[in-house]
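Please read them with the structure open.

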Amino acid sequence: MKRFFIYLTNMMAVTWMVFAAQPGHAQAPKLQQVYADKTYQFTGVAISAKNRLFVTYPRWSSIYKYAVVEVMPDGTAKPFPDAAMNSWQPGQDGMNKWVCVQTAYVDDNDYLYIVDPAAPMLAKVVDNSAKVVKFNLNTNKIEKVYRFTGTIDNSSYINDIRVDTEKQMAYLTNSGTGGIVILDLKTGKSRQVLQSHKSVKPDPNYKFVIDGHQLMKQGQPAVFNSDGIALSPDRAWLYYKSINDKKLYRIKTASLLDEKLTPQQLGGEVKYLGEIASTDAMIFDKKGNLYFGDMVNYRMIQITPNLKAHTWFKSSSLIWPDTYSISKDNFLYITTSQIQKQPDFNNGVNKRTEPYRVFKVKLP
């Protein structure tokens, strides 16, 4: 098996990452479809402790119906928590309705978080209505609504979230302008950090080529700032990256929570882990393995706790693997949002030929 070594140095620390170019398993695991939609594009997925499945739909085009659905055992979907919260229309107040939902996340205590950046068509945030809504899944009732007025501006797009249930802190990426948002779940206070750091911006020299051509939007290279995020099982490290370069970074959560650090000092705490792949979201399993999808090469990658990366498996069905969730019975749930097939990135031509799908696959 061909291997190459990347020698990494940062702040007098030395890290080794080994990347195996070939799959790490003799036989690819089986992708099992658990939900599909032939019409509406979804991005986010979350599976609860009781195997309740939630899927989120961003308002990125006029082809749109619901923001959040719960997938029922028979494969049908119903708006969550109800149709009324999914009924927002342009010009209406979006403070207490879904405006443009990006993702869903279930924490270790089985609470559901819905991230609504409230920026339809990836444009401006509507009337400060960006929010994270926490649900008690025993009652399906809202536990708390977190807002970000004064923390982010109207060009922001809060994207993905991870929750530390012990410290009652949440971390979110801002893919609109770049940055990490730290949210105190007890007080509701939030602040944004690393906005000026290179780790939250893609490498300007990187050319994001997928399906044989550079991903372009309105004649310009498509740019996605800090997007994927993952919290290590011991809650000591936050991993994150942009989509359209291969660079992976991490930072100690203790550093993120230290409000005495200046922006320059905090930036100095960021560790660069080398180039892996162009990826969207990422997730840790309980063993400390990190997983994410390489949409360029239609594969899933595993990085072990000792920072050895290898191809887990490849599949032509992995059409922009977007978001992940892990069930109690050790299945990884994956959405395929097919972003590179959308008209916005193909001079107005819709190149999608199959449904958007949610798969599950048994973790190794």
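1. Start with one residue pair. Ile114 has Val133, in S10, as its bridge partner. The model is a predicted one, so treat this pairing as a computed result.

2. Now the strands around that pair. Strand S9 covers residues 111–116 and strand S10 covers residues 131–136. The two run antiparallel, joined by 6 bridges.

3. Next, the largest pocket. Its volume is about 850 Å³. The lining holds 39 residues, and nearest the centre lie Trp60, Leu122, Lys217, Phe224 and Phe345. By class, 18 are nonpolar, 14 polar and 7 charged.

4. The second largest pocket holds about 650 Å³ of space. It is lined by 28 residues; Val106, Asp108, Phe284, Lys286 and Ile326 lie nearest its centre. Two or more lining residues come from each of S4, S8, strand S24 (279–284) and strand S28 (321–326). The classes here are 14 nonpolar, 5 polar and 9 charged.

5. Last, Lys38. This residue sits in the loop between strand S3 (32–37) and strand S4 (44–47). Is Lys38 buried or exposed? Its relative accessibility is 69%, so Lys38 counts as exposed. Beyond four places in sequence, Lys38 touches Arg352 and Pro355. Its C-alpha atom is 6.3 Å from that of Tyr356, 318 residues apart along the chain.

Conventions. Residues are numbered from 1 along each chain as its sequence is written. This is a predicted model: local features need pLDDT of at least 70, side-chain atom pairs count only at pLDDT 80 or more; totals for chains, interfaces and linings use all residues. Side-chain values use heavy atoms; hydrogens and water are left out. Helices (H or I, at least four residues) and strands (E, at least two) are DSSP runs, numbered from the N terminus. Buried means under 20% relative accessible area, exposed over 50%, partly exposed in between (1.4 Å probe, protein chains only). Contact means heavy atoms within 4.5 Å. Two strands pair if DSSP finds at least two bridges between them. On a 1 Å grid over the protein atoms alone, a cavity is a set of points where a 1.4 Å probe fits but cannot get out, and a pocket is an open set with protein on both sides within 12 Å along at least five of seven lines; lining residues have an atom within 4 Å of a point. Grid points are joined across faces, edges and corners, and a volume is the space filled by probe spheres set on the points. Ala, Val, Leu, Ile, Met, Phe, Trp, Tyr, Cys and Pro count as nonpolar, Asp, Glu, Lys and Arg as charged, and the others, Gly among them, as polar.
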